[in-house]
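Subject: Structure handover

Hello,

Here is the structure for you to look over. My notes come after it.

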Amino acid sequence: MKDVLERETKWEVDRAFTLPPIDDIVPGGHIEETSVELTSTYFDTSARDLLTHNLTLRRRAGADESGWQLKVPQADGRVELVAEWSDEMPSELADLVTGAALGQQLRAITTIHTLRNRHRVLGPDGELVLEIDDDVVRTTPADADADALAWREIEVELGPHTDAVPALLMDRLAEAGASKAQYPSKLSRALPQPSPRAAGSKAERAIHDYLIAQIDTIFAGDVALRRGEDPIHDTRVATRRLRSTLRVFAALLDRSAIDGIADELKWYAGLLGEVRDCQVQRARLAGKIGDLPPELVLGPVAARIEKTLLERQLTSRNVLAEAMDSPRYLALLAVLQSWKPEPPFTIRLRTRELVRRARRAAGKADKRLAQAVRDRRDESLHRARKAAKRARYAAELHEPVRKSAEAKSNIKYYKRLQRVLGDHNDGVVSADFLWRTATTAGTAAGENGFTYGLLYANEKHAAERARTAVAAVADRR
């Protein structure tokens, strides 16, 4: 299976549209013109769950593009994963969308036929700069009660080393009567998504937008994890933000809809955390060892630490992968998916309630911080760190609608506090790991505990410096 980054724009045109001159778009270049006929059958769940997340899975026949293709959104375009033609859906593609499909069966939902006049714009060196496709499209829905559609569109796809569509081409397309397409793909035009719930109050929109942002990140992380990528940190943060929202604003939400979901998010965040903590410790301790004078690194300290943490990380990663195929996890995703069109509201929410709840979260964080500064205990600092996160996330949520200056100030303050408390936590965790590792290394042949003891002492000092820094941050509140 191979993958290709696809970056394209679409333009709506009418039947009488004439493609403007393009032979001078790239100085010294030339155009290769061909015509191809493409037939693409798209697969999704009955509820079109893949399309909800801008995922498209299709089997295409035609010219040099025959095969299975899964398109996955990415910040700078879409990654197209390609598998060879087969009658049966390749398991390697079906497995990638298990979470997005909520574990449901995939079926053919529509077939799109395209008669494409392809214009490949090549540079002087023969490298592809742009591909301009003039497409005549018609659909054959899988459901008898769905309407067949037909239209024409222009598709401009960037070459691998082209940063943007040339302004000259955009101007000429517009002058010829083309306009930017409102649909990002042919499939989304053939099967438009249902209209979202009508916007409510500003407070409802703020919570709903925040929920959707975290849910989208979790689903994107699901696909990335199944591809073997590393979205652990972003997915974990989104899961925590979502759980924090349910906790801080619980009184404003439908109890029956959110009941138990915070616990499930905690479970999933914990699985992600087992992997992430190993990643953080590996990078942290490798850096600490690298900072030591070579004569103080006695024995295979770096190798043992890396081996121990990597084995733990891989084990945790396997546990996470198994959990992601479990009915428990898929049920959690199904609930989150249902909140995108129908947020868990029962009463009309008011902005002042958002601000009040956010201030309450900030007040609780400040109390826990004051307690931690007084007793300087690791447990108190850890509780203060968790409360600071909730206060920060609550401020992020209400910032767009009211008291933005207050929210921005709180976001900045609690983010700084969270970072310092995180430094303390990392020092404590590292020191504990080093102590346990030293008890094994100290009795192994060819090893001793000297360097571990040195690293342990350094981590204890780092935790103490962070503890002092916490008090300084609190004083500047």
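This is a predicted model: local features need pLDDT of at least 70, side-chain atom pairs count only at pLDDT 80 or more; totals for chains, interfaces and linings use all residues.

Residues are numbered from 1 along each chain as its sequence is written, and side-chain values use heavy atoms, with hydrogens and water left out.

Salt bridges

A search of the whole structure gives 40 salt bridges. The criterion is a side-chain nitrogen of Lys or Arg within 4 Å of a carboxyl oxygen of Asp or Glu. Strands and helices are DSSP runs numbered from the N terminus (strands: E, at least two residues; helices: H or I, at least four).

K10 pairs with E155, and their closest N and O atoms are 2.3 Å apart. K10 sits in strand 2 (residues 8-13) and E155 in strand 9 (residues 150-158), so the bridge ties together parts 145 residues apart in sequence. K10 is buried, at 8% relative accessible area. E155 is buried too, at 6%. Buried means under 20% relative accessible area, exposed means over 50%, and partly exposed lies in between (1.4 Å probe, protein chains only).

E80 and R58 form a salt bridge, at 3.8 Å from N to O.

D135 and R116 form another, at 2.9 Å from N to O. This pair links strand 8 (residues 128-141), which holds D135, to strand 7 (residues 107-122), which holds R116; the two residues are 19 apart. D135 and R116 are buried as well.

A residue in strand 7

T114 also lies in strand 7. T114 counts as buried, with 4% relative accessibility. The C-alpha atoms of T114 and V136 are 5.6 Å apart, although 22 residues separate the two along the chain. Leaving out residues up to four places away in sequence, T114 touches V36, E37, L38, D135, V136, V137 and K186. Contact here means heavy atoms within 4.5 Å. D135 in that list is the partner of R116 in the salt bridge above.

Axes are lines fitted to C-alpha atoms, for helices over the stretch in contact, and angles run from 0 to 180 degrees between N-to-C directions. Angles under 35 degrees count as roughly parallel, over 145 as roughly antiparallel, 65 to 115 as roughly perpendicular and the rest as oblique.

Helix 8 (residues 261-291) and helix 14 (residues 450-475) have axes that come within 11 Å and cross at roughly 115°. The two helices are therefore roughly perpendicular. R284, K288 and I289 of helix 8 make the contact with L455, E459 and A462 of helix 14. By class, that contact has three nonpolar, no polar and three charged residues. Nonpolar covers Ala, Val, Leu, Ile, Met, Phe, Trp, Tyr, Cys and Pro; charged covers Asp, Glu, Lys and Arg; the others, Gly among them, are polar.

Helix 5 (residues 202-226) and helix 12 (residues 378-398) have axes that come within 8 Å and cross at roughly 120°. That makes helix 5 oblique to helix 12. A206, I207 and Y210 of helix 5 meet Y393, E396 and L397 of helix 12. This contact has five nonpolar, no polar and one charged residue.

Best wishes
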